[in-house]
Amino acid sequence: MKNTKSEQLYNSALQLIPGGVNSPVRAFRAVNMNPVFIKRGAGSKITDVDDNEYIDYVCSWGPLILGHSNPNVKIAIQQALENGTSYGAPCENEVILAKMIVEAIPSIESVRMVNSGTEATMSAVRLARAFTGREMIIKFEGCYHGHGDSFLIKAGSGLLTSGNITSPGVINDLAKHTAVAKYNDQSSVEQVFNEYGDKIAAIIVEPIAGNMGLVLPKPGFLEFLRKISSQYGALLIFDEVITGFRLNYGGYQNLVGIKPDLTTLGKIIGGGLPVGAYGGRRDIMETLAPCGEVYQAGTLSGNPIAMAAGIATLKQLQTKGFYSLLEKKTNSFIKVLINILVECEAKISINTIGSMFSLFFTEGEVNSYQDVITCDTAKYADIFRKLLRFGIYFPPSQFEVCFVSSAHSEEDLDFTQQMIRRALKSND
């Protein structure tokens, strides 16, 4: 694997961009190497600037459930582009995509489009505070909801990778209004409510944690959050930026039969373009300007090109059997992979659901942040580098999720299994 052009680009980027990257996890520091620069994606594969090709399990961190450069999405983008790039005014595609979301997720009666998952979660929390007249929120260790000030306290994703539990620049006065509970630990949530009670505006949670690796909710945990939030008059916010339309046509909430008060979305609903959304009960959403006094605005919100990509993506996800086929393909892959781990006597735990999975380099089950931080990050980095040389692109961090797309072929998955076996047995 040659990486001359990537090295040259990275050295140039270091002089122009903080750390040479526009999002920290892309820096590859957690895997002790410099990043590769990508020039093209098609189907299940990406190609870097040195013409190395990889089977991609990052999929732009989740949005590309149809794979790279999906033909129908490309056509939709091209057609939208013919009419311009942005209007700064309402367009029909906003209404179409909003209708598709509202029809797909029963808890969402009204939805506001924004430009990123971070913008969606920041706005949802502000709305919750205004609606309840309270200031405190509860979040969970290892859950990441974007880089809003309220969330950078024992956060996951890039902050977990770098070993920070918060970020400089978050003022103490704001941080004190964020209580941190333990994911999958009901008693830790009860303790916060016992102490702060009617001061709590909302609980925000990834119903399936996806930013400390894939951690699934224990049976009854999400139902408990719904019950205790209602009991104390707090709102329940599901951050489904990752899980929205990933496991089924709708949110994970559809599968478990829980209605949060607010939901945040992103990734898949933009078809690979920058997008976010938040929605929920109509009485809450109508406190937003111009209906109400809670202000939130965005010049590019509802961008016609992003809306077109999202519409084209969701239409394909409505195909009969789409999710069952994708899940079947992933389950078969994981079943063989588990046998390989046993064969290689690897101390690796796998969490999986639908078309998502994580390899945790630790023994035993992984159900919480406390379990996650026992992982051998050096071992993960070693295997990551080997897989990259073998043409497999996994997340450059132990604490991220792998995604399978509909574009991944049986040949892709078989080759990946072989390369994982090779990486685990290789000493080079």
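Student: Which side chain meets that of lysine 39 in a salt bridge?

Tutor: In general, side chains of opposite charge can pair when their charged atoms come close. A salt bridge is counted when a side-chain nitrogen of Lys or Arg is within 4 Å of a carboxyl oxygen of Asp or Glu. Here the partner of lysine 39 is aspartate 51, with 2.5 Å from N to O. Lysine 39 belongs to strand 1 (residues 38–42), while aspartate 51 sits in the loop between strand 2 (45–48) and strand 3 (53–56), 12 residues apart. Helices (H or I, at least four residues) and strands (E, at least two) are DSSP runs, numbered from the N terminus.

A word on the source: this is a predicted model, in which local features need pLDDT of at least 70 and side-chain atom pairs count only at pLDDT 80 or more, whereas totals for chains, interfaces and linings use all residues. Residues are numbered from 1 along each chain as its sequence is written, and side-chain values use heavy atoms, with hydrogens and water left out.

Student: How many salt bridges does the structure hold?

Tutor: There are 10 salt bridges. One of them joins glutamate 343 to arginine 421, with the closest N and O atoms 3.2 Å apart. Because glutamate 343 lies in helix 12 (residues 322–343) and arginine 421 in helix 15 (residues 410–425), this pair ties together parts 78 residues apart in sequence.

Student: Which residues are linked in a network of salt bridges?

Tutor: The network comprises Arg226, Asp261, Arg281 and Asp283. Within this group, arginine 281 and aspartate 283 pair at 2.7 Å between the closest N and O atoms. Arginine 281 is partly exposed at 27%, and aspartate 283 is partly exposed at 40%.

Student: Which residues lie nearest the centre of the second largest pocket?

Tutor: Rolling a probe the size of a water molecule over the atoms shows where empty space is left. On a 1 Å grid over the protein atoms alone, a pocket is an open set of points where a 1.4 Å probe fits, with protein on both sides within 12 Å along at least five of seven lines; lining residues have an atom within 4 Å of a point. Here 20 residues line the second largest pocket, and Ala89, Pro90, Glu94, Ser301 and Gly302 lie nearest its centre. Helix 3 (92–104) and strand 4 (110–114) are the elements that each give two or more residues to this lining.

Terms used:
Buried < 20%, exposed > 50% of the residue type's maximum accessible area, 1.4 Å probe, protein only.
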